[in-house]
Amino acid sequence: MTVQSLFLVTLVVDDYDRAKGFYCGTLGFDCLQDEPQPGGKRWVVVKPKGGDGAAFLLAQAANQTQRAAIGNQTGGRVGFFLKTDDFARDHAALLAAGVRFQEEPRHEVYGTVAVFADPYGNTFDLIQHAAARTS
């Protein structure tokens, strides 16, 4: 039996410390690693607290092509989904931390959701899934 999981996603950013400040300071993610690499690079891995999903590798853009992708790595679509067990708590905390939501919370058949953006323009759904229905 093969067991696989997606554990790390690269997020191209303009500056390691600015990105780490947003993800760890504003969003409250844990910094799992921040290690120097050759050539002035760093291996910076951040992950939502208590989650079992993938983490971000914050990768500072190294050339013009990479700089052009900052904030638009998914072509303008919501690219990332931050699952929560308490939407109201986390929505209020993010607002208090200065996160700008692009819409008011809405209730869909799959759960409660609202879109926000990081400082680069990457968009996220903050989402609390609806309780599983029993029949």
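Predicted model: local features only at pLDDT ≥ 70, side-chain atom pairs only at ≥ 80, totals over all residues.
Okay, before anything else, one definition: two strands pair if DSSP finds at least two bridges between them. Helices here are DSSP runs of H or I with at least four residues, strands are runs of E with at least two, and both are numbered from the N terminus.

Residues are numbered from 1 along each chain as its sequence is written, and side-chain values use heavy atoms, with hydrogens and water left out.

So, the overall layout. We've got three helices and eight strands in the protein chain, and from the N terminus they go β-α-β-β-β-α-β-α-β-β-β. The C-alpha trace spans about 55 × 45 × 25 Å along its principal axes. Buried, for us, is under 20% relative accessible area, exposed is over 50%, and partly exposed is in between, using a 1.4 Å probe and protein chains only. By that count, 32% of the 135 residues are buried. Take contacts, meaning heavy atoms within 4.5 Å: among those between residues at least 6 apart in sequence, 51% join residues at least 24 apart.

Let's go to strand 8, residues 123-129. How many of its seven residues are buried? Five, so strand 8 is largely enclosed by the rest of the structure. Strand 5, residues 80-83, pairs with strand 8 in the parallel sense over four bridges, and Lys 83 stands opposite Ile 127 of strand 8. Strand 7, residues 111-117, runs antiparallel to strand 8, and seven bridges join the two. Strands 7 and 8 make a hairpin with five residues between them, and Gly 121 in that turn has a positive phi of about 105 degrees.

Rings of Phe, Tyr and Trp (its six-membered ring) pair if their centres lie within 6.5 Å; planes under 30 degrees apart are stacked, over 60 edge-to-face, and the rest tilted. The structure holds nine aromatic pairs. Phe 116 and Phe 124 have ring centres 5.1 Å apart and planes at 10 degrees, so that pair is stacked. What about Phe 22 and Tyr 23? Their centres are 5.1 Å apart, but the planes sit at 85 degrees, so the pair is edge-to-face. Phe 22 and Tyr 23 are both buried as well. These four residues belong to one aromatic cluster, along with Phe 29, Phe 56, Phe 80 and Phe 101.

Now look at Phe 81, over in strand 5. Is Phe 81 buried or exposed? Exposed, with a relative accessible area of 56%. Phe 81 and Phe 124 are 43 residues apart in sequence, yet 5.4 Å apart in space, C-alpha to C-alpha.

Last stop: Gly 51, in the loop between strand 3 (42-47) and strand 4 (55-60). Gly 51 is partly exposed, at 37% relative accessible area. Between Gly 51 and Thr 65 there are 14 residues in sequence, and 32 Å from C-alpha to C-alpha.
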